[in-house]
Amino acid sequence: MTINIKDLKNKIIYRAKYRGTKEMDNLLSSFTKKYINVLTGEELSLLCDLLDHDDENLYNLNKGFKLSIKIKTNKITELFSNYRLINE
């Protein structure tokens, strides 16, 4: 089964918005909103992979803290680790 880009974007937006903690909802949805319309299909797939990780490790990745798991480095993980939410 193949998924079209619009459906993939909707899936990503939903997964970024509803994480379980308000901080991660805000951080990931803001990050996704900023980049989703400029990413290629491959990069959207990498973003989906990033969203598979737990909130604690994603938070630590974004803040530059030590991770308890290995997250593969790619364009999306680098964008996310350098992204700063304006209203922090």
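## Close-up views of a predicted helical model

The side chain of threonine 32 reaches the backbone oxygen of leucine 28 at 2.7 Å, a polar contact (a pair of N or O atoms within 3.5 Å; within protein, one must be able to donate a hydrogen and the other to accept it, and residues adjacent in sequence count only if both atoms are side-chain atoms). The model is predicted: local features need pLDDT of at least 70, side-chain atom pairs count only at pLDDT 80 or more, and totals for chains, interfaces and linings use all residues. Residues are numbered from 1 along each chain as its sequence is written, and side-chain values use heavy atoms, with hydrogens and water left out.

View 1. Threonine 32 lies in helix H2; helices (H or I, at least four residues) are DSSP runs, numbered from the N terminus. Its relative accessibility is 2%, so threonine 32 counts as buried (buried means under 20% relative accessible area, exposed over 50%, partly exposed in between; 1.4 Å probe, protein chains only). Not counting residues up to four places away in sequence, threonine 32 touches Ile12, Ile13, Ala16 and Leu47, where contact means heavy atoms within 4.5 Å.

**View 2. Helix H2 and its packing.** Helix H2 covers residues 22-35, 14 residues in total, and reaches 20 Å from its first C-alpha to its last. This is close to the 20 Å expected at 1.5 Å a residue, the expected span being 1.5 Å times one less than the number of residues. Met24, Asp25, Leu27, Leu28, Phe31, Thr32 and Tyr35 are the buried residues of H2. They pack against helices H1 (5-17), H3 (41-51), H4 (55-63) and H5 (75-82).

**View 3. The buried face of helix H3.** In H3 the buried residues are Glu43, Leu44, Leu47, Cys48, Leu50 and Leu51. Seen down the axis of H3, these fall within an arc of 160 degrees, so they line one face of the helix; the arc is that of the directions from the helix axis to the C-beta atoms. Their packing partners are H1, H2, H4 and H5.

**View 4. Salt bridge between aspartate 52 and arginine 15.** The structure holds three salt bridges, each defined as a side-chain nitrogen of Lys or Arg within 4 Å of a carboxyl oxygen of Asp or Glu. In this one, the side chains of aspartate 52 and arginine 15 meet at 2.5 Å, N to O. The pair links distant parts of the chain, 37 residues apart: aspartate 52 is in the loop between H3 and H4, arginine 15 in helix H1. Aspartate 52 is exposed, with a relative accessible area of 56%, whereas arginine 15 is partly exposed at 21%.

**View 5. Salt bridge between aspartate 55 and arginine 19.** The closest N and O atoms of aspartate 55 and arginine 19 are 2.8 Å apart. Aspartate 55 in helix H4 and arginine 19 in the loop between H1 and H2 are 36 residues apart. Aspartate 55 is buried at 16% relative accessibility, and arginine 19 is buried at 18%.

**View 6. Salt bridge between lysine 75 and glutamate 43.** Here the closest N and O atoms are 3.0 Å apart. Lysine 75 belongs to helix H5 and glutamate 43 to helix H3, 32 residues apart. Lysine 75 is partly exposed at 48% relative accessibility, while glutamate 43 is buried at 13%.

Terms used: Helix = DSSP H or I, 4+ residues; strand = E, 2+ residues; numbered from the N terminus.
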